[in-house]
Amino acid sequence: MLERPAPGDEAAAGAAPVIAAHDLHAHFGKIHVLQGVDLTVGAGEAVALLGRNGVGKTTTLRTTLGLMPRSKGRVVFQGTDITRLAPHKLAALGIGYVPQGRGIFPLLSVEENLTLGLTGEPDPVRLEETFARFPRLEERLKQAGGTLSGGEQQMLAIARCLMMGPRLLILDEPTEGIMPKLVAEIRRTIQSINRSGVAILLVEQNVKTALRICRRTYLMEKGRIAWEGTSDDLKADQDTIHRYLGLSLQGR
């Protein structure tokens with residue numbers, strides 16, 4: 001049963017969500033991996049989807065985007081039902097997705113990665129904004145993507161999405177495998193992107209980082225949403241953090 005904290009100030013309350021997933025179900029063979037997931041992200045909001053390994057977080061993202069077949073459910077983006085829309089058409093609508101493992105093209109240059117998928121010449125204003133946010137990429141423009149560090153590859157994957165001008169950026173484990181000194185930089189970058197008006201849906205094992213970025217949080221357990229509320233409420237509820245995430249944030 002879904003546990004809800006006391007009512008809080010949720011950014012999406014009373015406003016049409018930029019994306020809403022309704023009653024999502026998915027199967028791996030006979031295994032019922034998603035069992036009625038509902039989640040929303042409001043315009044300009046940052047939302048975390050957290051849980052232990054194997055509870056269905058990445059599957060939720062992939063099912064929402066149509067990258068994995070849905071057994072049931074629908075997805076609405078900016079008021080339009082996109083349930084049956086081909087995944088490759090989502091970027092043009094305004095959905096950016098950075099998958100776990102980054103998904104860059106290692107043999108292509110930084111420049112080629114950034115412009116891949118654009119229908120014409122890159123918008124010079126958007127390109128300038130991207131380089132202002134990721135100066136390392138401008139310095140390595142002709143360098144093959146696969147020769148970048150893990151943190152730089154993550155920056156490239158995020159920057160490539162931003163070149164499409166998204167309204168929503170979906171990130172799956174953006175700090176995974178990143179050197180600790182770059183985690184804070186990536187966190188600040190995501191916060192800056194969100195402050196610019198881009199909504200964020202974040203799956204992240206670094207719970208402290210996720211709660212600093214996101215104002216609202218969903219917790220998953222066994223293919224269901226088990227808890228939802230503000231991140232401040234969650235940080236104050238150590239029993240819930242321990243129950244669903246298996247850790248304590250006290251003293252961190």
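I looked up Q153 and found this residue buried, with a relative accessible area of 16% (buried is under 20%, exposed over 50%, partly exposed in between; 1.4 Å probe, protein chains only). The model is predicted: local features need pLDDT of at least 70, side-chain atom pairs count only at pLDDT 80 or more, and totals for chains, interfaces and linings use all residues. Residues are numbered from 1 along each chain as its sequence is written, and side-chain values use heavy atoms, without hydrogens and water.

I placed Q153 in helix 6, residues 150-162 (helices are DSSP runs of H or I, at least four residues; strands are runs of E, at least two; both are numbered from the N terminus). Leaving aside neighbours within four places in sequence, Q153 is in contact with R102, I104, G145, G146 and L148 (contact: heavy atoms within 4.5 Å).

Next I checked the nonpolar cores (buried Ala, Val, Leu, Ile, Met, Phe, Trp, Tyr and Cys residues joined through side-chain atoms within 4.5 Å). The largest has 45 residues, and L171 and I158 are among those with the most contacts inside it. Helix 6 gives the largest share of this core, seven residues. A second, separate core of 30 residues includes V33, L39, L49 and A199.

Last, I traced an open sheet of four strands, order 2-1-4-5, with antiparallel pairing (strands pair if DSSP finds at least two bridges between them). Strand 2 (31-42) and strand 5 (80-81) are the edges; each has a single partner strand, so one side of each lacks a neighbour in the sheet. I noted two bridges between strand 4 (residues 72-77) and strand 5, with F77 opposite T80.
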